[in-house]
Protein chains: 2
Amino acid sequence: MDVRTICLGILTRGDATGYEIKKLFEEDGYRHFVEASFGSIYPALSRLTEEGLVSVREEAQEKRPDRKVYSITAKGREVFIGALLKPLSEDRHRSPFMFAMLFAHLMPKEHVSQMLDTYIGHSESKLAQLMKNKHGETQGERFVIGLGRTVYVAMLNFLNAHRAELEERAAEAAE
Amino acid sequence: MDVRTICLGILTRGDATGYEIKKLFEEDGYRHFVEASFGSIYPALSRLTEEGLVSVREEAQEKRPDRKVYSITAKGREVFIGALLKPLSEDRHRSPFMFAMLFAHLMPKEHVSQMLDTYIGHSESKLAQLMKNKHGETQGERFVIGLGRTVYVAMLNFLNAHRAELEERAAEAAE
DNA sequence: CGCGATCTATATCGAACCAATATAGACAGG
DNA sequence: CCTGTCTATATTGGTTCGATATAGATCGCG
């Protein structure tokens with residue numbers, strides 16, 4: 001499941017520029033389970049074009065860079081479905097926050113509290129984003145959004161219920 | 001939060017070889033929020049050694065490659081705590097499964113069911129691993145393991161409760 | 001008893017990927 | 001007016017992954 005495949009998938013839902021693909025990751029519920037940077041999206045789209053899996057039309061804009069709008073081709077659609085039918089690689093979750101919490105006893109109490117506040121805040125805003133997203137167009141979208149909500153709610157409950165235990169044990173002073 | 005910092009953190013809990021560090025990711029609850037491959041662990045340890053943040057002692061073994069046992073130094077400990085006090089980068093969750101589920105309508109029903117079975121199976125075994133891990137030595141460890149359990153339980157509940165809705169809408173035949 | 005599989009343990013290489021930066025005009029708010 | 005944010009492309013350096021190589025130990029199974 002590399003960036004090329006992910007771009008293909010997004011393009012099955014409608015044409016888009018590289019910039020718009022990146023925005024989709026950040027705004028619509030996508031970002032909760034896939035991400036990619038410009039540094040991988042643009043080369044991926046170029047290569048997909050070379051391989052004939054997507055087509056481009058350049059829309060010249062006045063006094064702005066040209067928009068390169070990508071569309072998936074019939075061949076691209078086939079390749080994408082083929083990729084879906086192959087075994088998927090496993091989830092990868094990387095959480096600097098949880099790793100840091102393992103070392104709460106090495107940090108001053110206030111810093112642990114501040115980390116918890118920040119993390120809880122981020123999680124709440126991600127949950128809020130998932131809540132406002134009503135337009136579940138396909139069943140798959142509704143399923144994935146529902147799963148995301150469930151997980152964030154459970155996580156926030158746990159964080160609020162157990163943070164005090166962790167804060168008690170933090171170091172009194174570091175340095 | 002790069003691999004070098006993660007290795008330092010693990011070494012605060014005791015000496016280890018590169019191989020053992022990798023094992024910790026896979027076995028003990030670590031893998032649910034951090035991971036690293038040999039391709040990044042070994043170079044990281046070499047560089048940490050050069051910088052004087054860890055020390056090595058080579059334990060020659062009969063008819064096996066030498067074990068290189070790494071220990072964190074006082075300087076390494078300082079650097080690690082300093083890293084904890086800097087702002088953390090955000091979580092990154094990459095789930096090929098959830099991405100694929102967005103396209104359930106493009107896949108044959110049996111394939112969607114099989115994907116769900118596989119994912120649920122993996123999640124159950126990860127949860128089982130978190131359940132058997134009783135030795136919460138520090139409060140941080142107990143906190144993080146508790147959080148992991150909560151999230152997996154919520155996720156599995158959702159998956160089992162809603163998978164039928166998704167399976168109904170899958171395509172009758174692909175290709 | 002032997003054969004394949006798995007385990008310990010190191011290490012490297014190419015490919016993939018990210019974060020930061022560069023460019024550049026539009027537009028909005030203070 | 002000026003700073004910041006937005007649209008939009010693209011590159012570069014550094015990080016990380018996945019696969020592979022090596023090599024003897026040990027274990028299960030027939």
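Trainee: Which residues come nearest to DNA strand D?
Mentor: This is a predicted model. Of the 21 residues around DNA strand D, the nearest are A:Thr17, A:Tyr19, A:Gly39, B:Asp2 and B:Gly39.

Trainee: What makes a residue count as near a strand?
Mentor: The C-beta atom, placed from the backbone, has to lie within 6 Å of the strand. The 21 residues around DNA strand D are counted in that way.

Trainee: Which elements supply at least two residues of the surface near DNA strand D?
Mentor: They are helix 2 (18-26), helix 3 and strand 2 (64-72) of chain A, together with helix 3 of chain B. Strand 2 of chain A has the largest share, four residues. By residue type, the surface near DNA strand D divides into seven nonpolar, seven polar and seven charged.

Trainee: And what about DNA strand C: which residues come nearest there?
Mentor: Out of 20 residues around DNA strand C, the nearest are A:Asp2, A:Gly39, B:Thr17, B:Tyr19 and B:Gly39. Two or more residues come from each of helix 3 (38-50) of chain A and helix 2 (18-26), helix 3 and strand 2 (64-72) of chain B. Strand 2 of chain B gives the most, with four residues. The surface near DNA strand C holds seven nonpolar, six polar and seven charged residues.

Trainee: Why is helix 1 of chain A called roughly perpendicular to helix 3 of chain A?
Mentor: Their axes cross at roughly 75 degrees and come within 9 Å. The range for that label is 65 to 115 degrees, so helix 1 of chain A is roughly perpendicular to helix 3 of chain A. On the helix 1 side, A:Val3, A:Arg4, A:Cys7 and A:Leu8 meet A:Ser40, A:Ile41, A:Ala44, A:Leu45, A:Arg47 and A:Leu48 of helix 3. The contact divides into seven nonpolar, one polar and two charged residues.

Trainee: What makes helix 1 of chain A mostly covered?
Mentor: Nine of its 10 residues are buried. Among the buried residues of helix 1 of chain A are A:Thr5, A:Ile6, A:Gly9 and A:Ile10. After helix 1 of chain A comes A:Gly14, with a positive phi near 145 degrees.

Trainee: At what angle do helix 1 and helix 3 of chain B pack?
Mentor: The angle is about 75 degrees, and the axes are 9 Å apart. That makes helix 1 of chain B roughly perpendicular to helix 3 of chain B. Residues making the contact include B:Cys7 and B:Leu8 of helix 1 and B:Ala44 and B:Leu45 of helix 3.

Trainee: How do you know that strand 3 of chain A pairs with strand 3 of chain B?
Mentor: Pairing asks for at least two bridges, and three bridges join these strands, which run antiparallel. Within that pairing, A:His93 has B:His93 as its bridge partner.

Trainee: How many residues of chain B are in contact with chain A?
Mentor: There are 51 residues of chain B in contact with 51 residues of chain A. On the chain B side, helix 7 of chain B gives the most, with 15 residues. That side divides into 29 nonpolar, 14 polar and eight charged residues.

Conventions. Residues numbered from 1 in each chain as written. Chains lettered and ligands numbered in written order. Predicted model: local features only at pLDDT ≥ 70, side-chain atom pairs only at ≥ 80, totals over all residues. Axes fitted to C-alpha atoms, helices over the stretch in contact; angles between N-to-C directions. Parallel < 35°, antiparallel > 145°, perpendicular 65-115°, else oblique. Contact = placed C-beta atoms within 7 Å. Nonpolar A, V, L, I, M, F, W, Y, C, P; charged D, E, K, R; others polar. Buried ≥ 20, exposed ≤ 12 C-beta atoms within 10 Å, placed from the backbone.
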